[in-house]
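Visitor: I would like to go through this model term by term. Please set each label against its definition.

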Amino acid sequence: MHVQIETFTVRKRFALTISRGTTAQSTNLWVKLAHEGIEGWGEASPFSTGSRPQTTEILLAALQEVAPLLEKFTPFDRQKIEQVLTEVNLPSAARAGIDMAMHDWLGKKAGLPLWKMWGLDRSRIVPTSVTIGINSPSGARERVRDWFGKDPAGIKYRAVKVKLGNPAGIEADKAMLIAVLDEAPPNLKISVDANGGWSLKDAAEMCQWLEKYNINYVEQPLSPVADMEEFSELYRQSRLPIFADESCFNSSDISKLAHCVHGINIKMMKSGGLTEAMRMIHTAKACDLQVMFGCYSDSAIANTAAAQLSPLADYLDLDSHLNLLDDPFTGAIVENGCLLPNGRSGLGVRRVEIGE
């Protein structure tokens, strides 16, 4: 099989600020895998979480280096290919691109969408949240109106994730959340993500304060390098569910977290693709944990890939491509607030036609 990599740059409608900084655009990698006249597509997106940076340059170099090693295989050789990728210590986002492309190829070969190959039920897909980044109270109100007040296509989102962990402190977080709540439409499901921006003391205070606002869950309240004793103490104090994101990359991380969180956030780029995401789902469920899917600055390729597995998720946060000005791809569609994979074979992703 032949692997080809191309870069593409996407720009956000609204720059997203979290506790670690602000992003306005991203240069991602389009992974194309050709065999027997069929081409499978995947995506590798850069991200900064963890001790090993995964920049566009690092991911491109890693994929270009491993591509010749894969030529002797076919997309049916997933176990052998996984062993090769492990031996060369390929970054997880690069693995994700190859893994998605192999799954897309297999689905196209079978003539079936992946969700149907796995026997999943699209009616079980929960609404995806849309994201409000760290902002001033007035800026947060404007973002709520951007998502919920201007909707010419008739798309109605039903869940929102609010980014907290403001470097200015938890009083700034509280003021921003109050502004979002005041501006948000009724019956909106609301969750909070601090991206590791709180100390244990602040996290405990915020969880107690957030409880009265019917927040669904609090994601990554503590730094990913915080010890398990701090997570355990917050787990003991908080009556709100706690989800781990930056502390949980793949299935090997789940067992050490199972006693001190209520759920995990699976992202294609962290996990290394659909193969490992499926392992994480089963491992989490075996540990009686809930599962959510998230994203980085991903296009429709990666989010449509995640959507193939979304009937197995309790929460979804697959909105990055919905905030892009120039996504070159289209795949899963939003209906009644839910991101639904379509009926096309494989991932069901295609290029956006000029004028669309």
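Visitor: What makes the three strands an open sheet, and in which order do they lie?
Guide: The order is 1-2-3, with antiparallel pairing. The edges are strand 1 (2-18) and strand 3 (38-44), each pairing on one side only. Strands here are DSSP runs of E, at least two residues long, numbered from the N terminus; helices are runs of H or I of at least four residues. Neighbouring strands of the sheet are turned by 20° against each other on average, direction ignored. The model is predicted: local features need pLDDT of at least 70 and side-chain atom pairs pLDDT 80 or more, while totals for chains, interfaces and linings use all residues. Residues are numbered from 1 along each chain as its sequence is written, and side-chain values use heavy atoms, leaving out hydrogens and water.

Visitor: Which strands does helix 1 lie across, and at what angle to strand 2 does it run?
Guide: Helix 1 (residues 56-66) lies across strand 1, strand 2 and strand 3, at about 10° to strand 2. Axes are lines fitted to C-alpha atoms, for helices over the stretch in contact (heavy atoms within 4.5 Å). Angles run from 0 to 180 degrees between N-to-C directions.

Visitor: Why is Thr131 called buried?
Guide: Buried means under 20% relative accessible area, exposed over 50% and partly exposed in between, with a 1.4 Å probe and protein chains only. Thr131 has 12%, so it counts as buried. Thr131 is in strand 4, and its bridge partner in strand 5 is Lys161. Beyond four places away in sequence, Thr131 touches residues including Leu16, Trp147 and Asp317.

Visitor: What makes strand 5 mostly covered?
Guide: Five of the five residues in strand 5 (residues 159-163) are buried. Ala159, Lys161 and Lys163 lie on one side, with Val160 and Val162 on the other.

Visitor: What makes the unit of strand 5, helix 6 and strand 6 right-handed?
Guide: A crossover is right-handed if, with the strands pointing away from the viewer, the path from the first strand over the helix to the second runs clockwise. Strand 5, helix 6 (residues 170-183) and strand 6 form a β-α-β unit of that hand. Five bridges join strand 5 to strand 6 (residues 189-193) in parallel, and Val162 stands opposite Val192.

Methods: Two strands pair if DSSP finds at least two bridges between them.
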